[in-house]
Amino acid sequence: MRRLAVINMKGGVGKTTSAIHIAAGLASKGKVLLIDGDPQGNVSHTLGIRPTRTFEEFMGGEATFEQALLPNVRPNLDVIASTPAAFALERRIAGETQRETILHRRLRNVTGYSAIVMDTSPAMNLLTYNALLASEELVIPVGMDMMAVIGARQTLAGVSQLGELWPDRPLKILAVVPTFVHSGTYATKATLEALESDPTTAPFVFRPGIRQCIDLSYATASHQTIWEYAPRSRAAADYTSLIRHIQRA
Ligand SMILES: Nc1ncnc2c1ncn2[C@@H]1O[C@H](COP(=O)(O)OP(=O)(O)OP(=O)(O)O)[C@@H](O)[C@H]1O
Ligand SMILES: [Mg+2]
């Protein structure tokens, strides 16, 4: 069972969009669990689901895995959703022992999935640490501006700190994914150059990445994946390539 987290401390870089498409894409080959580790709850909004039990209750132990699960949100795709109630989770778990590995322990007996995909907040907080320590592989979307590159560097620095504290839980970087790519613009050219000249990101850059595509916003607004909303769009083609890359890794 693969365990992937989609992460970047910078906000609005396409983490949720990527987590949903990676989960839905991998679901064509096997059962996938998507966990929304971000209290913004954007996964539910995007997939058009109304959660009754949530990630917060699952983490807090008030809901079992089965109770927190929303099965078959799409074929082969189950979800544990988040709501803004989970903003309180950070404070709630702050005093617990081994508070960084709660999710890892809660998922220990979960079987039957080919992959677990986790979306995270734009922050290196306790919930993000929980997602990272429950994962083995990382995907880092980077929007086409320098702040997103800085966010990716800070994220990778956080990941290597985590590696020093938990050497038994190594994390493999699957891909640094350029998003909102608009070739021909200065911002895209400069950002791609920055990613490819930085030794911490260069080996992982997935080219050409995910192009800027308005259909992705429309898909989000109509609670559909890009393959449902606009299967012939360039974003559908780009996310299909990313899935192939992940399947080969
Ligand atoms: N390649 C793209 N082209 C155009 N729009 C995109 C692209 N990727 C994502 N979007 C849109 O940009 C918005 C932000 O994307 P998304 O929610 O995935 O970012 P995020 O990194 O999860 O944000 P946050 O840090 O707040 O969680 C969404 O409305 C989404 O539909
Ligand atoms: Mg998000």
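Two strands are taken to pair if DSSP finds at least two bridges between them. In the predicted model described here, this criterion applies to S1 and S5, which run parallel and are joined by five bridges. Within this pairing, Val6 stands opposite Asp119 in S5. S5 also runs parallel to S2, again with five bridges joining the two strands, and here Leu34 is placed opposite Val117 of S5.

Strand S5 is largely enclosed by the rest of the structure, because five of its five residues are buried. Both of its faces are covered. Ala115, Val117 and Asp119 are buried on one side, while Ile116 and Met118 are buried on the other.

These pairings belong to an open sheet of seven strands with mixed pairing, arranged in the order S3-S4-S2-S5-S1-S6-S7. Its edges are formed by strand S3 (69-74) and strand S7 (172-178), each of which pairs on one side only. Neighbouring strands of the sheet are turned against each other by 25° on average, direction ignored. Strands of a sheet pair through backbone hydrogen bonds, in either a parallel or an antiparallel sense. For strand S6 (residues 137-142) and S7, the pairing is parallel and extends over six bridges; Leu138 stands opposite Ile173 in S7.

Helix H1 lies across S1, strand S2 (32-36), S3, strand S4 (77-80), S5, S6 and S7, and runs at about 165° to S5.

Helix H7 (residues 126-133) is mostly covered, with seven of its eight residues buried. The buried residues are Leu127, Thr128, Tyr129, Asn130, Ala131, Leu132 and Leu133. They pack against two strands of the sheet, strand S1 (2-6) and strand S5 (115-119), and against helix H5 (89-93), helix H6 (102-106) and helix H8 (146-165).

Not counting residues up to four places away in sequence, Pro51 touches Ser44, Leu70, Ala81 and Thr83. By C-alpha atoms, Pro51 and Met146 are separated by 36 Å, and they are 95 residues apart along the chain.

At the level of the whole protein chain, twelve helices and seven strands are present. The C-alpha trace spans about 50 × 40 × 30 Å along its principal axes. A compact globule with 249 residues would have a radius of gyration near 18 Å, so the 17 Å found for the protein chain agrees with that expectation. Buried residues account for 46% of the 249 residues. Of the contacts between residues at least 6 apart in sequence, 75% join residues at least 24 apart.

Conventions:
Residues numbered from 1 in each chain as written. Chains lettered and ligands numbered in written order. Predicted model: local features only at pLDDT ≥ 70, side-chain atom pairs only at ≥ 80, totals over all residues. Contact = placed C-beta atoms within 7 Å. Buried ≥ 20, exposed ≤ 12 C-beta atoms within 10 Å, placed from the backbone. Helix = DSSP H or I, 4+ residues; strand = E, 2+ residues; numbered from the N terminus. Axes fitted to C-alpha atoms, helices over the stretch in contact; angles between N-to-C directions. Rg over C-alpha atoms; globule rule 2.2 N^0.38 Å.
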